[in-house]
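Q: Hi! Could you walk me through a few residues in the model I'm looking at?

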Amino acid sequence: MNLPKHVAMIMDGNRRWAKQNSKCLFEAYSQGCIRIIDIVQSCIDRIPFITIYVFSTENWNRKEDEITTIHTIAEIFFIKKLDFFCGLGVKINFIGERSLTSRKLCNIMDICKEKTAHNNSLQLNVAFSYGSRREIASAVQRIVSNPPKDLSNVNESYIANNLYTKNCPDPDLLIRTGGVYRISNFLLWQIAYSELFFTNVLWPDFKVSLFDEAVQEYSRRKRNMGV
């Protein structure tokens with residue numbers, strides 16, 4: 001089977017799952033964390049890069065109690081599961097802007113990144129307080145503040161090397177759960193030629209079997225890459 005090297009996932013549907021199952025948001029996001037663990041574990045030695053969309057720049061406009069819940073879940077998840085990820089050889093990388101993120105969570109991010117820096121079974125990119133337009137704007141700012149002597153060197157590769165994902169291949173496959181058919185400001189530059197897979201299944205119900213179905217669907221597609 002032709003497996004993707006990099007799978008990106010928009011994990012949508014947590015709030016709807018909570019409403020449909022008469023659960024609180026904490027329970028919904030906790031269930032979603034289990035899905036992350038299951039899928040990452042299933043990808044070891046199969047798919048070297050996974051990028052998950054946890055919290056967008058636009059999510060800061062949500063109600064304060066929901067923002068607090070997401071931060072708390074993230075703190076608990078990465079503290080409790082850090083040794084687990086280390087045992088699997090997972091390298092954890094966080095992408096996004098930290099200016100509004102709590103100091104506690106930023107410290108946890110730094111610990112996770114440092115402790116897993118030399119792991120090489122799989123790289124898990126966690127997009128938190130992430131927005132693709134802001135990522136591209138930040139890349140332009142970095143280039144403008146330290147421009148090359150020859151501006152003709154500012155090509156696609158040069159820009160890509162100034163993005164948060166500079167050390168990763170572009171996603172081969174983008175999966176979005178929750179029955180919504182849009183990209184939501186996620187990896188706009190990087191998914192130019194990604195294959196897209198949408199499902200109505202809400203993220204807390206997204207099992208490894210459905211992930212594998214998406215991967216199998218990817219393997220059957222012919223990627224012309226514009227040719």
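**A look at some residues**

A: Happy to! The side chains of N93 and N125 are joined by a polar contact of 3.2 Å (a pair of N or O atoms within 3.5 Å; within protein, one must be able to donate a hydrogen and the other to accept it, and residues adjacent in sequence count only if both atoms are side-chain atoms). This is a predicted model, where local features need pLDDT of at least 70, side-chain atom pairs count only at pLDDT 80 or more, and totals for chains, interfaces and linings use all residues. Residues are numbered from 1 along each chain as its sequence is written, and side-chain values use heavy atoms, leaving out hydrogens and water.

Q: Is N93 buried or exposed?
A: N93 is buried, at 13% relative accessibility (buried means under 20% relative accessible area, exposed over 50%, partly exposed in between, with a 1.4 Å probe and protein chains only).

Q: New topic: which residues does UniProt list for "binding site"?
A: The unreviewed UniProt entry lists D12 and E195. Such annotations may be inferred rather than shown by experiment.

Q: What does the side chain of D12 join up with?
A: A polar contact of 3.1 Å links the D12 side chain to that of R176. D12 is also buried, with a relative accessible area of 18%.

Q: And what does E195 touch?
A: Not counting residues up to four places away in sequence, E195 is in contact with D172, L173, L174, Y218, R221 and R223 (contact means heavy atoms within 4.5 Å).

Q: Why does E195 count as buried?
A: Because its relative accessibility is 16%, and buried means under 20%.
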